[in-house]
Amino acid sequence: MTDKKLKLVVSTGAGISAESGISTFRDADGLWENYPVMEVASADGFRRNPALVHQFYNARRADLGTKKPNAAHLLLKELEKYYDVQVITQNVDDLHERAGSSNILHLHGELTKVRALDDEFKTFKVDYATATTPDTVMDGHHVRPHIVFFQEAVPNFEPATALAAEADIFVIIGTSLVVYPAAALLHYVRKGTPIYYIDPNPSTIPEGVTLIRKKATEGMAELARILIEKATEK
Ligand code: OAD
C-alpha cells in the first residue's frame, strides 16, 4: 500500500481490559462498588488520607503485574499495518503498551508511574511490586500516584480533542461514557466521520454511532474484519 493510511482514533475504557481480568468501575462488582470512590480516588480524599490512596493504587499496580493484554489490545496493534492508529485511553493500566501499540495517550494517568508532589511534570517509572506511602521520597521529592483524581483537571484532554478532530474513523471500546471530560471526546470528531462503539452493555448509545453490542475481544474481531476490508478494497 503506497497510499497514506487513514487515521483511526480509538478511545478505550475499562471494558477493554475486563477480559484480561481487571475490574471495571461501574459494572456489578466493579471497583466503585467495593471501594468508596471519593475516599480513594479524589483530591479531597488524598488530602484527608493519603496513606489510604497510596494503598489503593499500590494494590491496583500489584494486580496489574499479574495480568496480560487480551486479543482486543493485540488487534489494535495489528491494525497499525492498515491504519495510522492512535489510542486514547481512560485506563491507568499498561496493557496497550504491552500489546505494542505505538501511539497511546493516557487521559487519567498511569499506574506504572508516580510523580513528585511538588512538580506534576516530574514522573518516576515504578515496577508492579513498588508500594509507595506518603513518606516515600524519590530523587528528593515526596511522591503521589500518577493518577488524575476526581476534582482534578485532565491535562491530556486538550491534545485528545485535537486527535479526535483528525480521525477518519473513530472507535470507542468499553467505556460507560459517564465520566467527563473523556465522555465528550466523540463530540470533537468531524461531522460525517464513522463512529463505532463496542460495548456489551452500554449505558447510553450516542446518536449516529454504530453499536457493536459485544465484549471487546469479539467486537474487535468483528470490527477488525470490517476495517481491514475497508483499508484493502481500494
Ligand atoms: P466503567 O466501569 O464506567 O464502564 C465500563 C464499561 O465497559 C461499561 O459500559 C461496560 O458495559 C463495559 N464492559 C464491561 N465488560 C466489557 C467487555 N468485556 N468488553 C467491552 N466492554 C465491557 O469504566 P470507564 O468508562 O472506563 O477514572 O470509567 C471511566 C473512568 O471512571 C475511569 O477512567 C476511572 C473511573 O472513575 C478515574 O479513576 C479518574
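The model is predicted, with local features needing pLDDT of at least 70, side-chain atom pairs counting only at pLDDT 80 or more, and totals for chains, interfaces and linings using all residues. Residues are numbered from 1 along each chain as its sequence is written, and side-chain values use heavy atoms, with hydrogens and water left out.

Let's start with the ligand. It is surrounded by 23 residues, and the closest are Phe25, Arg26, Thr175, Ser176 and Asp199 (a residue is near a molecule if one of its heavy atoms lies within 4 Å of it). Sorted by class, this shell holds 9 nonpolar, 9 polar and 5 charged residues. Here Ala, Val, Leu, Ile, Met, Phe, Trp, Tyr, Cys and Pro count as nonpolar, Asp, Glu, Lys and Arg as charged, and the others, Gly among them, as polar.

Polar contacts come next (pairs of N or O atoms within 3.5 Å). A polar side-chain atom of Asp199 is 2.6 Å from an oxygen atom of the ligand. For Thr175, a polar side-chain atom is 2.7 Å from a ligand oxygen, and for His108 a side-chain N or O atom is 2.8 Å from one. On its own the ligand exposes 790 Å², and the protein buries 94% of that (accessible areas come from the Shrake-Rupley method with a 1.4 Å probe).

So much for the contacts; now the pockets. A pocket is worked out on a 1 Å grid over the protein atoms alone, as an open set of points where a 1.4 Å probe fits, with protein on both sides within 12 Å along at least five of seven lines; lining residues have an atom within 4 Å of a point. The ligand sits in the largest pocket, meaning that more than half of its atoms lie within 2 Å of the grid points. This pocket has about 1000 Å³ of space (the volume filled by probe spheres set on the points, which are joined across faces, edges and corners). Its lining has 49 residues, with Ala14, Thr24, Phe25, Arg26 and Asn91 nearest the centre. Two or more lining residues come from each of α1 (15-18), α2 (31-34) and α5 (50-64), and α5 gives the largest share, 5 residues. Helices (H or I, at least four residues) and strands (E, at least two) are DSSP runs numbered from the N terminus.

The second largest pocket has a volume of about 300 Å³. It is lined by 15 residues, and Arg115, Glu120, His146, Val148 and Pro155 lie nearest its centre. Strand β4 gives the most to this lining, with 3 residues.

Finally, the backbone. Most residues other than glycine have a negative phi, and most peptide bonds are trans. Yet Tyr180 and Pro181 are joined by a cis peptide bond, with omega about 10 degrees; Pro181 is in the loop between β8 (169-173) and β9 (195-198). Asp139, not a glycine, has a positive phi of about 50 degrees.

Key. A polar contact is a pair of N or O atoms within 3.5 Å; within protein, one must be able to donate a hydrogen and the other to accept it, and residues adjacent in sequence count only if both atoms are side-chain atoms.
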